[in-house]
Structures are given as C-alpha cells and as structure tokens.
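My notes follow the structure.

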Amino acid sequence: MNGLDVLKKYFGFDDFRGKQAEIISRIVSERKHSLVLMPTGGGKSLCYQVPALMFDGGTIVISPLIALMQDQVDTLKRKNIPADFINSTVKPEQRKKRLESFLSGKTKMLYVTPERFRKPEFVKKIKEANISLLAVDEAHCISEWGHDFRPDYSRIAEFRELIGNPLTIALTATATPEVQSDIISKLGLIPDSIKIFHEGIQRPNLRLEAVDVYDEPEILKEIKRIVSTYKGSGIIYFSLIKSLEKYSQLLNDNGIHHSIYHGKLEAKARKAIQRKFLSGNEDLILATNAFGMGIDKPDIRFVIHAEVPSSIESYYQEIGRAGRDGKDSVCLLLYNQNDLYTQMEFIKWSNPDADYYSRVYDILKSEMDAVYSFGADYIREKMSHRDRNDFRVETVLAMLDRYGATEGSLEKNTLKIVAPLPHQLSDDQSLKNKLLSDNKKLLSVVNYFKTIECRRIYISHYFGFPNEKECQNCDVCD
Ligand code: ADP
C-alpha cells in the first residue's frame, strides 16, 4: 500500500494536507530524518502514523503527556490501528503484555513517555525490538530553552542509540530557531542529516488583537464585546486562580454563564468540565493554563488572555486552540502593565539559585522524617520564607523529580532521594542563564503587544519563519 492508500483505508481522508505528503515521502522512500514544525491542529500526527503503518518494523512514539497518550491511542484503536501505550498508569502485567505485543510486531505503534527509558526492564526488552521509526512528539520539550523543558527528553540521543539509532521524526508546533538547533543536537544528529519542514504559523482565520487595559471595567467591557460578537465557544485564560475567581464572580453578576477550570479543582471536576465543553454543553470556560492540552474542539470561536502570558510560545499554543474548523475566530490579548509584575514574580520563584537547590536537597537528605511529618512547610520554615507567594520549595521539589534525583511524593510520604543533586541544578551560571531566558521570553510578549508591524509577522519572525506576509486580519493591519 502507498501512503495515500493508507490514508484512505485507515483514516478515511482523501488527500494529504500541506506538507504531509512531502514529509511522509522523505520518511518512507528516502528514509531520512525530519524535523516538522507545524501549527497546532495542522496534522502532525499523520506524518508518523502513516509511515508507521507502511514499515515492517515498529514505531516508538515518545510523548510527554500521559493523558494525551491515552486519547491518541484510543482514537487509533477505534480506527483498527494496532497502537498501544505504556506508562506509569498501566499495571505491570499489562505493561509486559503490551511490550511483548510490540516486540512480536503485532502492535505497530507504541507510545511511551521518555521517563520509561529510566526503567531497566523496559530498556532490556526494547533493545530487542525491530524498530523502523522513532517519532518524538512535542519535541520542544527537548530544549531547556523551550517553554516546557523535560529533562528526560534531553536524553533522547541516548535512547536512540539504545534502540539502534533508527530513522527519526521530531514534531512540534512551537520552536524558535534556537530551540530547533537544540532539538537536532539533542537527537544526536548533525544538521545536514535532518530536514526542517516549516509550515509557517498559518491559521489565517485567527484574527489577532491586543488591547491595553487599566482596570476591571475595561477588562469586563472587552470580554463582553468578544462574547457578544463571536457567538459560540470560547476560553478566557488567566495566570492567577485568584483573578480567575474574581472575574467568574463579575461575569456571574453580569449574567454571563460559564464554567471554571484550574489546577486546584479536583481531577473529577476538571474532567467533567472538560467533557461539558467538548460536547457543546458549556460554551465559555475561564481557565488557567492547566486547561487545553488535548482540547481538540473544532469550533472554538475565541481565546481571550485576560492576563499577560509568560511567553510567545505558550501564547501561540493557547490561541492555536481557536478556529480549528477554519472559520473566523478571534484571539485577544488584554495587556495590563501590572500583570508584568505578576509574571516577573512567577519567573523569580520558578528559578531558585544553586545555593537554594543545594540547601533544600540537604534538608531532604538529612531531615526527611521531619519533612514527612510537617510537609513542605517544614522546608519553607527552614528556608525562612517571608513572602507567602514564594513557591521556590515547590519548584525545587518538582525539578528534583524531573531530573530523577528524587522519587515518590511528599503527599504520600513516599518521597526519597535516589541520586545526587544533578549538575544542571547546581551550576549557578546555567541557572542564571535560564532565569535570563525566561525574562527574555516575557519581554517578547511585551514586544508583541507593542509591535507596529503585523502581529502575524511578529510571531512568524519569533519562530524563525522569515517570509510571512501581512495578514490583513489583525488590529495592526487594520
Ligand atoms: P497536530 O498534532 O498538528 O495538532 P493532529 O495531527 O491532531 O494535529 O491533526 C489535527 C486534525 O486534523 C485531526 O482531527 C486530524 O484527523 C485532522 N487531519 C490531519 N490530516 C488530515 C488530512 N490530510 N485530511 C483531513 N484531516 C486531517
């Protein structure tokens, strides 16, 4: 079967879109590596799923999110495509079975998180597999300059070697030129051996607007304007749960029906709200950035950012959820100078220095019993925090876990140190560079607001696409 036959037979589509055909041909016929930069909703998955069904050997898909993985595999299974996933939510027996099925060639596509490669039993088995293709989804997670760095992603060259350096395709919607070259080097490839496909930022149906706002009434006025003009589904993003709740009250007072979604709600409630939104039983969601991964709803008519986001990468990813059906939709950024202070605080607490890392690490090492008894507050006390917003302890705990220096969780009293403090968290210079890079990202959002050129051109340049034309669909072009 050729690619088009596979597309028709398994996916029920008649034609490839954009650069899909070209990418698939490079993978299948030329057997050469590719880096695919395509906007969210552009159709990245087919670029590896179609080849996976054409190759004799199996395809490993590295994907960062357990929740997303399940959805993707469920969708494939409904199409009778032999795909499966292995992650920490799968029981050991099932994991073994699924791995066996992949080794025997029955399962063609196996989705795993990069953390899976920490497990000796997985590594031992996977080395025996006949692998035709490695697909690295959300490849920007490879780069510490990306907005969603995952340390285990940065070890992908090691994993590739383990499985015999197979043909590789990496895919992402958001990678600046700096991140693109980082992806290539972290894959263990030389630039000449990999072709970069960019599809630009496209999405001409998304109208980009940014408005200066000073106070509550102004923000409310803008929200009302959008809600009444763009009838249909929409998301309003907030950085802080506190402001989300305030505006939820204000919208209630104004008779604007909505639901709220943020990380502090229980998992069950979050799921229910997401389902209500996806099924069309709720039009408006007020959310923090916890909402959105895997939201593949075609008819979202607007995405409003009521507070300044932390980077162009996350902004672009969040607005990418609008207008997937190709119909007119609007993406409005409400810019309030004061939000910058909030974001700068965020950045500060997300970037403890080397001394801080080492002190928290030492407390964990020598006083774990006290930490079990009194929780993170014990560490905070020891570190003498004065600011109640200071969440550096949480940052350290999360980073130690990400880098594999600790395992288990504090809530369950199972936290334990399993490795020395990684050098990335003890080198002051690289921590300083990271802080600087985060601040630069925030500055890019300010510049996006202030730009006097077309907003689409601004975003395109940011992601390294030089040839974007004026969009005639943003407030600056107006
Ligand atoms: P991405 O991963 O780039 O965000 P997906 O791979 O999830 O995007 O694809 C987005 C949507 O577009 C999916 O619903 C998918 O089925 C659809 N799609 C992708 N390629 C095609 C195609 N060639 N023809 C029709 N629909 C497509």
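How many nonpolar, polar and charged residues does the shell around the ligand have? I count four nonpolar, six polar and four charged, with Ala, Val, Leu, Ile, Met, Phe, Trp, Tyr, Cys and Pro taken as nonpolar, Asp, Glu, Lys and Arg as charged, and the others, Gly among them, as polar.

The model is predicted, so local features need pLDDT of at least 70 and side-chain atom pairs 80 or more, while totals for chains, interfaces and linings use all residues. Residues are numbered from 1 along each chain as its sequence is written, and side-chain values use heavy atoms, without hydrogens and water.

**Ligand.** Of the 14 residues around the ligand (a heavy atom within 4 Å), D15, Q20, G41, K44 and S45 come nearest. I looked up polar contacts (N or O pairs within 3.5 Å). A polar side-chain atom of K44 is 2.8 Å from a ligand oxygen, and a side-chain N or O atom of R17 is 3.0 Å from a ligand oxygen. For G43, a polar backbone atom lies 3.1 Å from an oxygen of the ligand. The protein covers 72% of the 570 Å² of accessible area that the ligand has on its own (Shrake-Rupley, 1.4 Å probe).

**Cavity.** I searched the whole structure and found one cavity of 30 Å³ or more; a cavity is a set of points on a 1 Å grid over the protein atoms alone where a 1.4 Å probe fits but cannot get out, and lining residues have an atom within 4 Å of a point. The largest cavity has a volume of about 40 Å³, the space filled by probe spheres set on the points. Its lining includes Y316 and R456.

Terms used. On a 1 Å grid over the protein atoms alone, a cavity is a set of points where a 1.4 Å probe fits but cannot get out, and a pocket is an open set with protein on both sides within 12 Å along at least five of seven lines; lining residues have an atom within 4 Å of a point. A polar contact is a pair of N or O atoms within 3.5 Å; within protein, one must be able to donate a hydrogen and the other to accept it, and residues adjacent in sequence count only if both atoms are side-chain atoms.
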